[in-house]
There are 2 protein chains.
Amino acid sequence: MKVGFVGMGIMGSPMSQNLLKAGHEVTVWNRTAARCEAAEAAGASVAASLSEIARAGEIIFICVSDTPDVEQVLFGENGLASGLSAGQIVVDMSTISPEATEKFAGKLAAQGVEMLDAPVSGGEAGAIGATLAIMCGGKEGVFEQVKPAFEAMGKNIVYCGANGNGQRVKAVNQVICALNILACSEGMLLAKRAGLDLETVHKVVSSGAAGSWMLTNLGPKMVADDWAPGFMVKLQAKDLRIALNSIHSLGENFEGTELTTRLFNEAEQDYGDDGTQALVRLLGWEK
Amino acid sequence: MKVGFVGMGIMGSPMSQNLLKAGHEVTVWNRTAARCEAAEAAGASVAASLSEIARAGEIIFICVSDTPDVEQVLFGENGLASGLSAGQIVVDMSTISPEATEKFAGKLAAQGVEMLDAPVSGGEAGAIGATLAIMCGGKEGVFEQVKPAFEAMGKNIVYCGANGNGQRVKAVNQVICALNILACSEGMLLAKRAGLDLETVHKVVSSGAAGSWMLTNLGPKMVADDWAPGFMVKLQAKDLRIALNSIHSLGENFEGTELTTRLFNEAEQDYGDDGTQALVRLLGWEK
């Protein structure tokens, strides 16, 4: 297929390269043009503008940071929407507001353009290894059309219902991830303060009922004081703000997610570019 | 070996039967004598009193509910300690206070009796299947003496250091478990309130970075409104109170554990005998 890809960040760049590897014809664009180099070296064309990439193919993928970024890409001056024609498909793989997603999909539908929300989970490693989980909202027929491209980027590709539902499932995912990170942080910090052997503790607790992906993957990084990001604190904070907004919109008040959102917002001040395991630094790991 | 086993609850009874299966000579005792029947049918002798079971063998295991229960078994009127002689070993497999454990071990040491704290993780299924994780504090030489008996009851048997450290590792385990349960509860409730297909959500989120033992095992029970206990809310609440005490003793204040302790204490009022997945009922699952 001929496709466009907007957003050459730590996720978008390897995702676009996996589309190339699978034999698709890919044109890329990024606000900071230098970030297109890796994809270009792998065989991508580089578009000069958003209105140009709109004409690059039947499907245009977007993978940027936050709701305002997607809005700017789509509907900003000379944005994607200004160049799109009826019959094209926009696939937003960013993690943004489910409510805004519904609004964007409605505006695109008015010009005959289909939209899917398809946020991903699995971090940089999943983007590089094409093992991302992809949670997709939109029309099922459109999902089926795009599926071969999804299969070049991910492994666990799940149709979740109407527009916004991909983002809603992602919000559930992030709510659980954040509390699991807090669980590891408090557990490992208790072990440290109690003077226990951290490797012994990690080995025994991660193998039983306390086990989690987060404990397996982030626990050893905490023990090694390794704060390099698999997924950055500032992005987890952003995702939690989105999830908490949705929770409030539903008239709910989840105390755990209130707490993790506050803690990740605080952690963002000093440790925003660290990996999410740095939540334990906010709690006083290095004291 | 000739051993005694005090406490024929849902954990102690199958654990004593696994000792019998492994060829050990087991004498059992329980406050409510009727609960000894299953172990007796499997070949155990039944002691008439705590002072009698003190003479049942070289090692006396205890598996009861809480710190005051262990204190009563050991040092109550005609308690175990009154019948123990120098050279015997007491192995407390209950989950109790690490600080009290140190005190009990000291009192027993004064009469020449060794003590190990060896709390377990893995629930009733682990007790029956002899797959418990066993976290052991005490002298390493004593641990080695008892190890063959531990191997009849568990799989992941870890020496954690001096007396109290088995309980400290268990506290770490329970802190993490409780926050992981809250994570599942808020995540699955958000999915329900957002009108998502719960089985789809569970499938996709449990397979990625949000995955945990709790999500895998408790998520489907929530979806099925199945509140039968693998591990009871009231015991999780008790374990959290112990962990929070230790955290406070260390001069720390962990907001996540404060929250889970408060929520499990609240849940204990109405759902104390339910499984820990019933935390989601407190949050309004059935509303």
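A word on conventions before I start: residues are numbered from 1 along each chain as its sequence is written, while chains are lettered from A and ligands numbered from 1 in the order in which they are written. Since the model is predicted, local features need pLDDT of at least 70 and side-chain atom pairs count only at pLDDT 80 or more, whereas totals for chains, interfaces and linings use all residues, and side-chain values use heavy atoms, with hydrogens and water left out.

Taking contact to mean heavy atoms within 4.5 Å, 16 residues of domain 1 of chain A touch 10 residues of domain 2 of chain A. Together the two domains of chain A bury about 1200 Å², with 57% of it on carbon and sulfur atoms; buried area here is the accessible area, taken with a 1.4 Å probe, that two parts lose on being put together, summed over both. On the domain 1 side, A:T95, A:P98 and A:M135 supply 37% of the area buried against domain 2 of chain A, more than any other three residues.

A:R168 forms a salt bridge with A:E102, and their closest N and O atoms are 2.8 Å apart. On the side of domain 1 of chain A that touches domain 2 of chain A, α6(A) gives the most, with three residues, where helices (H or I, at least four residues) and strands (E, at least two) are DSSP runs numbered from the N terminus.

I turn now to the two chains. Here 51 residues of chain A are in contact with 51 residues of chain B, and the area buried between chain A and chain B is about 4600 Å², of which carbon and sulfur atoms give 70%. A:E186, A:L190 and A:A209 supply 14% of what chain A buries against chain B, more than any other three residues.

How many salt bridges does the rule find across the interface of chain A and chain B? There are four salt bridges, and A:E252 forms a salt bridge with B:R193, in which the closest N and O atoms are 2.6 Å apart. As for the elements involved, the largest share of the side of chain A that touches chain B comes from α9(A), with 19 residues.

Finally, how are the chains related? Chain A can be laid on chain B with an RMSD of 0.1 Å by a turn of 180 degrees and a shift of 0.0 Å along the axis, the copies being superposed by least squares on the C-alpha atoms of residues with pLDDT of at least 70 in both. That is the relation of a two-fold axis, and in chain A the C-alpha nearest the axis belongs to A:S212, 1.9 Å from it. The same surface serves both copies, for 100% of the contact residues of chain A recur in chain B.

Definitions and conventions
A salt bridge is a side-chain nitrogen of Lys or Arg within 4 Å of a carboxyl oxygen of Asp or Glu.
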